[in-house]
Structure formats: C-alpha cells, structure tokens
Amino acid sequence: MDSFKSIPFDGLLKAGLDTPSPAIMDAWLNRFHCGDTLDLMGQMPAQSVDLVVTSPPYNLKQSSGNGMKNGNGGKWPKASLMKGYEAHGDCMPHGDYVAWQRDCLTAMMRLIKPTGAIFYNHKWRVQRGLLQDRADILEGFPVRQIIIWQRKGGINFNPGYFLPTYEVIYLIAKPDFRLAPKANAVGDAWEIPQESNNPHPAPFPVELAQRCIGSTDAKVILDPFMGSGTTAIAAESEGRKWIGIEKSKDYCRLAKERIAVYRKQR
Ligand SMILES: C[S@@+](CC[C@H](N)C(=O)[O-])C[C@H]1O[C@@H](n2cnc3c(N)ncnc32)[C@H](O)[C@@H]1O
C-alpha cells in the first residue's frame with residue numbers, strides 16, 4: 001500500500017473521506033503496534049485519527065560537532081542516546097533523514113481528519129555555524145504555530161556551550177482544526193520539566209503530551225514514534241483513545257509495562 005505517497009499535497013487534505021468502520025478501528029485502538037512506522041501507518045485507514053502527538057528520532061548522531069560522537073556525552077545531557085535507540089541508530093545521512101521525516105509527516109497527514117492536527121516535537125541545533133531549524137523537513141506542510149518547550153536543567157558536559165534547555169513543538173494543522181474552548185488563552189511557551197525515572201533514552205514528559213491532548217477535543221490520538229508509551233498514558237489520563245507505533249520490541253515491552261502500572265495506580 002504505497003498509495004498515500006503518490007497523493008499530491010492538496011489531495012492529502014481531502015483524502016479518504018469515508019469514516020473507517022468501528023470493527024477495523026478496534027484492531028488499532030488502545031494498542032501498541034510493534035513495527036516500522038511507515039509500514040504500519042500505511043495500513044491504517046485514511047482519516048482515522050483526530051490528533052498526532054509525537055517526537056521522532058532527531059538524527060542526533062549525525063552531527064558536525066563532537067556532541068554525540070566523542071564518547072563523553074558531549075553537549076547533549078542524555079549521554080545514553082550516544083548509542084542511538086535500541087532499533088534505530090539515529091545517524092542517517094541528513095538528506096535521507098529529511099526525506100524519511102517528510103514521508104512520515106505525509107503519512108500522518110493522510111491519517112488525520114480535516115479537523116485534525118499534528119504536534120511534532122523536534123529540536124533546533126546549530127550545524128556548521130548555521131541554524132538547523134527543520135525547515136527542510138517542514139516545507140509545504142501547514143505549520144500553524146511553533147511552541148517552545150522549556151525544560152529544566154540537566155548536565156552540560158561541554159564547557160563551550162550554555163546548557164540547552166528548550167525544544168520546539170510544531171503545530172501542523174489542517175484547515176478546520178480548532179483548539180478546545182479556552183485553550184487559546186494558553187501561551188506558546190510551555191515550562192515543563194523533562195521526564196526522569198524512565199529507562200527510554202529520549203522520552204518526553206507525560207505532562208507535555210497531556211498539554212497537547214488537553215488543548216484539543218481529539219478523541220483518538222496517534223503516536224507513530226511511541227517509545228516508552230508516554231502519549232498513551234497521557235491520552236488515557238485525558239479520557240481519550242490512542243494508537244501507538246514503535247519499532248523496538250524492547251520499547252514496546254516497556255510501554256506495555258508502563259501503561260499497565262499506570263492503569264493499576266489510577
Ligand atoms: C524520541 S523517541 C520517542 C520517545 C517517546 N515520545 C517517549 O516519551 O518515550 C523516538 C522513537 O522512535 C522509534 N523509532 C525509530 N525509528 C522508527 C521506525 N522506523 N518506526 C517506528 N518507530 C521508530 C525509536 O525506537 C524511539 O523509541
């Protein structure tokens with residue numbers, strides 16, 4: 001099923017106008033699907049989710065500086081990411097990475113309804129003296145707003161750099177997307193501490209995913225890079241349904257364990 005990749009961008013805004021049947025959706029909802037995100041998103045019915053909340057691999061090992069290469073954690077506080085992810089090296093040639101992420105965003109655009117949106121968490125960085133602001137990934141996609149996620153401290157191993165404390169969240173929205181009532185009073189800079197106590201090398205905090213989901217009336221939330229299951233926990237805490245996709249079997253296991261613990265404590 002390669003059909004969505006050949007749909008022109010305008011077509012993606014209108015693609016698949018039929019509502020998917022509940023029987024088909026039952027196989028997807030409130031489950032972690034372990035496998036490649038493009039393969040699995042390609043198997044999902046068009047317009048079957050209201051919202052995507054996700055943080056892709058940042059390709060951090062493909063770096064012009066020493067940060068992730070010099071064996072001591074460099075300027076990145078999470079030294080564990082130096083090994084990449086369990087099932088993804090995080091070191092693609094930049095052009096391949098951009099093409100892959102554009103394919104992933106195209107697949108997400110096919111899956112959201114005309115009222116849908118994507119919260120796409122990424123990181124800006126300076127490469128060879130110039131800002132890498134991810135414009136190459138996002139060109140042509142309907143970016144509506146950029147939210148700054150201000151994290152708390154961390155450990156800086158590099159004496160030449162200030163401690164990095166922010167990431168960005170691109171709100172990519174189809175034309176009919178609206179925030180939940182009163183959410184437009186919330187500012188566009190969110191101060192939320194990063195996750196501690198999570199064995200995944202790059203989780204975002206439950207509170208961050210809750211803020212995204214709680215700012216909308218979305219009923220079904222997809223995270224195509226589910227990692228340790230954070231978006232699933234946030235969705236359940238907000239009383240919504242979710243679909244999680246993750247390549248690593250270890251992280252799928254971790255996500256299942258985390259949501260089981262969450263459900264018991266609830
Ligand atoms: C930044 S992490 C997401 C972390 C997640 N937000 C959390 O809180 O745990 C990105 C995830 O994408 C996964 N990944 C990488 N390539 C993938 C692929 N082709 N298909 C599905 N998942 C993939 C990695 O294994 C990693 O867990």
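Reader: When H7 passes H8, is the crossing left-handed or right-handed?

Author: The model is predicted: local features need pLDDT of at least 70, side-chain atom pairs count only at pLDDT 80 or more, and totals for chains, interfaces and linings use all residues. Residues are numbered from 1 along each chain as its sequence is written. A crossing is left-handed if the near helix is turned anticlockwise from the far one by less than a right angle, and right-handed if clockwise. Where H7 passes H8, the crossing is right-handed.

Reader: At what angle do the axes of H7 and H8 cross?

Author: Axes are lines fitted to C-alpha atoms, for helices over the stretch in contact, with angles from 0 to 180 degrees between N-to-C directions. H7 covers residues 230-237 and H8 residues 249-265. Their axes come within 9 Å and cross at roughly 25°.

Reader: How are H7 and H8 therefore oriented to each other?

Author: Angles under 35 degrees count as roughly parallel, over 145 as roughly antiparallel, 65 to 115 as roughly perpendicular and the rest as oblique. H7 and H8 are therefore roughly parallel.

Reader: Which residues in H8 do those of H7 meet?

Author: Contact requires C-beta atoms, placed from the backbone, within 7 Å. From H7 come Ala232, Ile233 and Glu236. In H8 they meet Ala255, Arg258, Ile259 and Tyr262.

Reader: How many helices and strands does the chain have?

Author: Helices (H or I, at least four residues) and strands (E, at least two) are DSSP runs, numbered from the N terminus. The chain has 8 helices and 10 strands.

Key. Contact = placed C-beta atoms within 7 Å.
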